[in-house]
Amino acid sequence: MAMAAVLRREGRRLTQPINALHSSLNSQDQAPHGARSISTQIVRNRMKSVKNIQKITKAMKMVAASKLRAVQSRTENSRGLWQPFTALLGDNPSVDVKKSVVVTISSDKGLCGGINSTSVKISRALQKLNSGPDKETKYVILGEKAKAQLVRDSKKDIELSLTELQKNPLNYTQVSVLADDILKNVEYDALRIVFNKFQSVVQFLPTVSTVLSPEVIEREAESGGQLGELDSYEIEGGETKSEILQNLSEFQFSCVMYNAVLENACSEQGARMSAMDSSSRNAGEMLDRLTLTYNRTRQASITTELIEIISGASALEG
C-alpha cells in the first residue's frame, strides 16, 4: 500500500509538467497577442498594407497612361498654333520692361515627381531677375500645387489664381476665355509663361515663353529689336498697325497658353507614370523583404516550440 501511494504521488509529479507544457502551447496558439505570435502578426499586417499600396500604384499608373494617350495627340497638334507667331513676333525673354507677369502653370494633384517644384523655382528666379526699383513683377498661377508653394513667400505678388483647369478635357475655346480674363485683369508689358514641355514619358523640359504687349512690340520694332519677320509684311486694309499688333498679341497669348497647358498636362501624366512605376517596384522589393522576414520569424517560432517539446520529453525520459 505504501509503494502504491508513492507511485501515485510520483505519477502526479510527472503529469504536472506535461499538462503545464500542453496548456502553455495551447495558450500561445490561441492568443493572437502572445509573445511569440506578435512579431509574425505585425509582419503579416505590414505585408497586407504593402500589397494594397502596390495595387493602388499600379492602378494609378494605368490611369495615367490612359490620360497621357488621350492628351498627347492634342498636344502635338497644338504646337502648330504658336510656332507661326514665334516666327512672326519673335520670342525675346531678355527684353527689358517695367511690368512683368509670370504665368506659372502647374497641376492640381500631386504624385507626379518634381515638375511642379521645377516650375515654381523658375518662376521665383524670373521674379528676382525682373525686380528692381522701377520694375514690378506679379504672378498669375494656374494649378493648386504652384499656388500652395508661392503663397508662402509671395502672397502679395499673386495677382490671379486659377485651379481645377483639368477637371474636364481642355479645348481651345476654354483656354482662350481664360487668356482673355487674364489680359483684362492684369496690366503687363511682358507675359512670361512657365511650363514643362513634354519630351517623353521619362523626360520633360522646363520652358519659358515670352509674349510682349502691343506697345512693347511697336517700341522694339522702332528701335530695331528682334521681332522675327514682322517688318517684312505690308499692312493692307483700314486697320492701323497698333490695332493689328493688339490682335496678334492677344491671339499669340491664347495660342501659347493652349499649348503650354497641354504640354504641362502631358508632362504631368508622364511623370506620374514614372513615379507610380517606381513606387510599384519599391513596394515589390519591400514585399520580398517582408516575406523573408516573416518566413524567418515563423521558422524561428516553430524551431523554438520543437526544442521545448523535445526538452520536455527528454526530461520525462530522464
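This is a predicted model: local features need pLDDT of at least 70, side-chain atom pairs count only at pLDDT 80 or more; totals for chains, interfaces and linings use all residues.
Tyr172 belongs to one aromatic cluster, which it forms with Phe251 and Tyr258. A pair of aromatic rings is described by how far apart the centres are and by the angle between the planes. The count of aromatic pairs comes to two.

Tyr172 lies in helix α5 (residues 172-185) and Phe251 in helix α7, so the contact ties together parts that are 79 residues apart in sequence. Phe251 is partly exposed, with a relative accessible area of 39%.

The rings of Tyr172 and Tyr258 also pair, with centres 5.7 Å apart and planes at 90°, so they too are edge-to-face. This pair links distant parts of the chain, with Tyr172 in helix α5 and Tyr258 in helix α7, 86 residues apart.

## Exposure of Tyr258

Tyr258 has a relative accessible area of 10%. Because buried means under 20%, Tyr258 counts as buried.

## A nonpolar patch

Helix α7 spans residues 241-317, and Ile310 is placed in it. Ile310 is exposed, with a relative accessible area of 54%. Together with Ile302, Leu306 and Ile309, Ile310 makes a nonpolar surface patch of about 340 Å².

Key:
Residues are numbered from 1 along each chain as its sequence is written. Side-chain values use heavy atoms; hydrogens and water are left out. Patches are made of residues with over 30% relative accessible area and no salt bridge: like charges are joined within 9 Å, nonpolar side chains (Val, Leu, Ile, Met, Phe, Trp, Tyr) within 5 Å. Accessible areas come from the Shrake-Rupley method with a 1.4 Å probe; for residues, only the protein chains shown count as cover. A salt bridge is a side-chain nitrogen of Lys or Arg within 4 Å of a carboxyl oxygen of Asp or Glu. Helices (H or I, at least four residues) and strands (E, at least two) are DSSP runs, numbered from the N terminus. Buried means under 20% relative accessible area, exposed over 50%, partly exposed in between (1.4 Å probe, protein chains only). Rings of Phe, Tyr and Trp (its six-membered ring) pair if their centres lie within 6.5 Å; planes under 30 degrees apart count as stacked, over 60 as edge-to-face and the rest as tilted.
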